[in-house]
Amino acid sequence: SVAPSNWDKPLDGKVAVVTGAARGIGATIAEVLARDGAHVICADIPAAGEALAETANKVNGTAFPLDVSAPDAGSKLAEHALERHGGIDIIVNNAGITRDKLLANMDEGRWNSVISVNLVAPQSLVNALVEKDALRSGGAVVDVSSIAGIAGNRGQTNYGASKAGVIGLVDAYSPILKKKGITINAVAPGFIETKMTAAIPLATREAGRLMSSLQQGGQTVDVAETVAYFANPASNAITGNVVRVCGQGFL
Ligand code: NAI
C-alpha cells in the first residue's frame with residue numbers, strides 16, 4: 001500500500017556519510033541529504049580544513065577529516081559512526097580525482113592514485129562498514145561514477161577505468177547488500193560545473209554545456225537530487241542501477 005507522505009523529510013532520523021563533501025558535487029549532496037532530514041557526516045581530506053568545516057556547519061552535520069585512500073579509512077569511519085550514531089544508513093562515495101595524461105605519458109603514479117581514490121576506496125569503505133556491521137538495513141550506498149566510465153574520454157584512461165570499475169562494483173555488490181536490506185546504485189554525471197571541470201579547456205567545456213532539458217550546463221544539484229532519490233527509502237526496490245545525469249549529447 002502507498003505509505004503516508006513523508007516527502008518533506010524522507011531521511012528523518014537517518015545518518016549519511018558523504019565523502020569529498022568539502023566542495024563541488026559532494027557539498028551539494030550533503031546539503032540535499034540534510035534538507036531531506038539526514039544527519040550528514042561530511043568527510044574530506046584533512047587539507048580541506050576550512051571548506052569542510054563550512055559544509056558541515058551549513059548542513060548542521062559533522063566535519064570528519066578522512067583521506068578515503070588511507071588503509072584504515074573504513075575502520076575509522078565505522079568506529080566513529082558506531083560510537084556516535086550506532087551506525088550509518090547512507091554512504092555516498094563521491095570523493096574523486098583526475099590525473100589526466102595522454103596514454104603515452106600515463107605514468108604509474110597517476111594511474112595508481114586515481115584507481116586508489118576513485119575505485120579502491122569506495123570498495124574498501126563499504127567493505128569495512130559491512131564487516132563491522134555499521135551499515136543498517138534499509139540503507140543505501142550511492143557511488144559517483146562518471147559518463148567517462150561509460151563512454152571513455154581522451155587523456156583519461158586511468159579515470160575512465162576507475163569510473164567503469166565503480167559500475168562493476170555496483171553490479172557485484174548489489175546481490176550481496178540486498179541480503180542485508182541495503183541498496184547500491186551509481187550516478188554517472190556528464191559535465192558538471194565545479195572546480196574539477198574548471199581546469200578543462202574552454203572549448204571542451206562548451207561541448208559539455210547545454211546538457212539539461214533547460215539547455216543549461218550541468219549543475220551540482222542535478223547530481224545531488226539523483227543521489228537523494230536513491231537514498232530515499234521509497235527507492236528500496238531499486239538496486240544495481242546506473243543513472244546517467246548527463247542530458248543529451250553523451251551516451
Ligand atoms: P571537486 O574536485 O570539486 O571535489 C572533489 C572533492 O573530493 C574535494 O573536496 C576533494 O578534496 C575530495 N577528495 C579528493 N581526494 C580525496 C580523498 N583521498 N579523500 C577524501 N576526499 C577526497 O570534484 P567534483 O567535480 O565535485 O567531483 C565529485 C565527484 O563527481 C568525483 O568523484 C568526480 O569524479 C565525479 N564526477 C564529476 C564530474 C564533473 O563534471 N564535475 C563528472 C562526472 C563525475
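**The cavity and the ligand site**

Colleague: What volume does the largest cavity have?
Modeller: This is a predicted model, and the mean pLDDT of its protein chain is 92. Counting cavities of 30 Å³ or more gives 1 cavity. The volume of the largest cavity is about 30 Å³.

Colleague: Which helices each supply at least two residues of the lining of the largest cavity?
Modeller: Among the lining residues are Asn118, Pro122, Lys163 and Val166. By class, the lining comprises 4 nonpolar, 3 polar and 1 charged residues. The helices that each supply at least two lining residues are helix 4 (108-131) and helix 6 (157-178).

Colleague: Which residue places a polar side-chain atom 2.7 Å from an oxygen atom of the ligand?
Modeller: There are 27 residues around the ligand, and those that come nearest are Arg23, Asp44, Asn94, Tyr159 and Thr194. For Asn94, a polar backbone atom lies 2.7 Å from a ligand oxygen atom. The residue that uses a polar side-chain atom at 2.7 Å from a ligand oxygen is Arg23.

Colleague: What percentage of the area that the ligand exposes when taken alone does the protein bury?
Modeller: A polar backbone atom of Val68 is 2.9 Å from a nitrogen atom of the ligand. Taken alone, the ligand exposes 840 Å², and the share of this that the protein buries is 93%.

Colleague: Which elements give two or more residues to the shell around the ligand?
Modeller: The shell has 14 nonpolar, 9 polar and 4 charged residues. The elements that give two or more residues to this shell are helix 1 (24-35), helix 6 and helix 7 (195-198).

Terms used: Residues numbered from 1 in each chain as written. Predicted model: local features only at pLDDT ≥ 70, side-chain atom pairs only at ≥ 80, totals over all residues. Heavy atoms only, no water. pLDDT = per-residue confidence, 0-100. 1 Å grid on protein atoms, 1.4 Å probe; cavity = no way out; pocket = protein on both sides within 12 Å on 5 of 7 lines; lining within 4 Å. Points joined across faces, edges and corners; volume = space filled by probe spheres on them. Helix = DSSP H or I, 4+ residues; strand = E, 2+ residues; numbered from the N terminus. Nonpolar A, V, L, I, M, F, W, Y, C, P; charged D, E, K, R; others polar. Near = heavy atom within 4 Å. Polar contact = N/O pair within 3.5 Å; in protein donor to acceptor, adjacent residues only side chain to side chain. Areas by Shrake-Rupley, 256 points an atom, 1.4 Å probe, with all protein chains shown as cover.
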